[in-house]
Amino acid sequence: MTQWTDIQADLASQGYVAPPDLAMALHLSLVLGRPLLLEGAAGVGKTEVARALAMAKGCDLIRLQCYEGLDAAQAIYEWNYQRQLLAIRAAGDGHTDEAQLFSEPYLLERPLLRAIRQPVAPVLLIDEIDRADEEFEAYLLEILSDFQITIPEMGTITAVTRPMVILTANGTRDLSDALRRRCLYAHVDYPDRATELAILQARCPGVSAALGGQIVAFVQSLRHEDLEKKPGVAEMLDFAAALAGLGIADLSSDPVVLQAALATLLKTQSDRASITTEVAQRLAGKAA
Amino acid sequence: MKPTRFAARDDGPVARVAGFMAHLRLHGFRLGVGEADLALRALAVTRPEVESVRAALKTVSCGSAEDWARFDGLFDAYWRNGGRVRAKAVPQAPHAAASPAARGAEGASGGGRGRPDTPDGDGGEAESGSDGRLIASTIRSLMKKDLRDVVSAEDIAAAERVAHKLGAALRDRRSRRAKAARRGAKIDLRRTLRASLSTGGEPLRLARKRRPDRPVRIAALVDVSGSMTLYARPFLAFLAGLMRADGQSGAYLFHTRLVRITEALRDDDLFRALNRITLLADGFGGGSRIGAALSQFAATYARRFVNGRTVVLILSDGYDTEPAEALGASIARLARRGCRIIWLNPLKGWRDYAPVAAGMAAALPHLSLFASAATLDDLAALEPEFARL
């Protein structure tokens with residue numbers, strides 16, 4: 001019987017450090033065949049989980065990025081109208097076979113349809129589901145419960161394999177209870193200091209242990225400041241890469257360079273303004 | 001939050017898991033039979049260690065960030081005897097061991113069904129419940145006002161109608177999803193092509209689609225500080241009505257702090273709903289810190305519930321005990337979420353009123369609508385204004 005620690009190890013081999021809660025949620029989601037809903041602030045590595053999982057399992061990652069106004073034509077399937085028009089013209093004088101016109105060659109697969117027709121079960125990532133609207137959520141529920149899609153002209157397509165479904169949300173909109181109940185749930189938080197250090201070492205092995213510790217401490221304390229957009233893990237990695245690229249060995253050594261490197265962490269005008277050189281130096285001093 | 005206690009006898013693991021699910025449900029988790037079944041299946045593939053079991057049950061039973069944060073405490077309370085175990089069950093009455101604990105927990109979360117357990121009276125020394133539910137007197141000492149004295153069921157029924165109308169007036173006209181329509185700006189290729197088959201591939205009839213209107217969500221914040229006590233009645237009724245009329249809206253009270261009362265107001269039982277709010281809103285009629293409350297709103301709930309399709313409705317007189325900058329800044333921050341902000345001020349109806357309360361003046365540039373409303377009728381009269389937004 002596989003255990004959640006196995007999946008944790010698998011993910012670690014792909015450079016993803018998963019806390020026990022998350023590893024357990026992924027494990028159960030795989031074993032029980034339930035979709036997993038990941039919630040958390042932007043930049044805590046929700047999307048990355050799916051990528052790492054696909055790599056670890058050696059399967060495809062099929063990604064559906066949600067946005068407001070996303071509809072069935074973009075998410076599930078669409079007919080290839082140009083080809084159909086050409087086919088009608090080519091046949092000429094009204095002898096077009098309708099059944100043939102609405103068949104496989106004229107069908108454009110979109111992520112959801114593609115995901116259920118793979119010979120090897122892929123990881124299906126439905127990213128930022130809260131950006132899509134309620135109507136789409138309802139449609140998604142239907143697909144996630146029986147893994148089949150009905151195309152009026154062709155009939156029902158049943159899943160060849162069941163994809164492992166991961167949904168992510170960061171609270172743009174409150175999701176419906178029906179969707180929440182269908183899914184297992186895990187809340188992904190900003191990593192604690194030890195975990196973040198492990199992530200940094202896994203992703204940027206070039207950064208020295210001393211500098212790595214400073215970077216993590218600095219970013220962690222920065223998250224406690226009153227910022228509009230708190231720096232996520234990806235930003236932290238960018239920051240580390242920037243410092244390494246600039247050849248910095250100690251965070252508080254050069255205020256000007258540190259201030260410049262903050263561009264990788266602070267992404268709004270007011271955040272930049274609120275972290276002045278003095279504040280940055282104070283945080284860096286504490287981190288050292 | 002009181003832990004549920006076990007009866008001394010044990011009905012086996014299945015009953016215990018079911019009991020745990022009931023325990024979570026009692027504390028506001030939305031769980032059904034399906035989840036209990038899923039929990040058992042999850043436990044079957046989990047190593048029997050405390051932390052594994054905790055993580056497994058957590059991922060199965062939680063549905064939101066709040067659940068996630070509260071789960072560990074509830075888990076400990078149930079499984080690890082965070083509460084005391086009642087040592088012996090009375091053999092004559094099989095349910096005796098469970099029921100006092102259950103009743104206590106119900107009272108504490110304000111979820112007791114049946115007769116509400118806070119007594120009537122005007123917040124003074126009314127006679128307490130007859131059957132010795134100690135919880136009632138505890139509640140009374142904590143609060144200043146019982147909201148059931150302030151709002152009646154008839155008020156709410158009337159408010160529901162008003163809320164319905166206002167909700168319908170607030171329509172969003174920017175939906176991006178196109179729907180098939182007889183007249184519309186865009187051509188619906190799929191249907192056009194389909195129709196063209198009957199005319200030998202010539203698209204003679206053009207099918208069209210257009211963007212339909214969509215309802216917006218309302219987040220209503222009501223000031224229940226001392227200076228607003230007079231208006232609390234219509235406004236609270238309006239909130240209750242709004243929550244009943246529209247499943248998408250959110251309701252909040254603020255005085256010196258901010259309380260989300262959406263879920264409490266949606267309670268099927270009206271009296272229980274008011275009872276729950278009474279518990280949530282202690283400090284009712286106290287001072288007001290509008291700036292702080294709004295900035296807390298902008299930093300927490302607004303992130304989840306407010307977007308470009310939301311109308312934030314603030315019902316307050318704008319008298320703040322804090323510097324005006326705080327209010328201005330928090331309104332500005334809220335406005336950045338792309339929502340429209342409507343401020344209804346009961347004082348604006350007064351002759352010669354000018355928004356001199358410094359906070360009010362600071363907020364003014366960010367408001368889509370600044371109007372007067374002191375009664376339910378006033379709110380109803382705002383319908384055309386809302387429709388124009």
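1. K186(B) has K209(B) as its bridge partner in β4(B). Strand β4 of chain B covers residues 208–210, runs antiparallel to β3(B) and is joined to β3(B) by two bridges. Strands (E, at least two residues) and helices (H or I, at least four) are DSSP runs numbered from the N terminus, and two strands pair if DSSP finds at least two bridges between them.

2. This is a predicted model, in which local features need pLDDT of at least 70, side-chain atom pairs count only at pLDDT 80 or more, and totals for chains, interfaces and linings use all residues. Residues are numbered from 1 along each chain as its sequence is written, with chains lettered from A and ligands numbered from 1 in the order in which they are written.

3. Chain B contains 18 helices and eleven strands. Of its 389 residues, 38% are buried (20 or more other C-beta atoms within 10 Å of the residue's own, C-beta atoms being placed from the backbone). Among contacts in chain B between residues at least 6 apart in sequence, 72% join residues at least 24 apart; a contact means C-beta atoms, placed from the backbone, within 7 Å.

4. Chain A gives 36 residues to the contact and chain B gives 30 residues. On the side of chain A that touches chain B, the largest share, seven residues, comes from α2(A).

Note on methods:
Buried ≥ 20, exposed ≤ 12 C-beta atoms within 10 Å, placed from the backbone. Contact = placed C-beta atoms within 7 Å.
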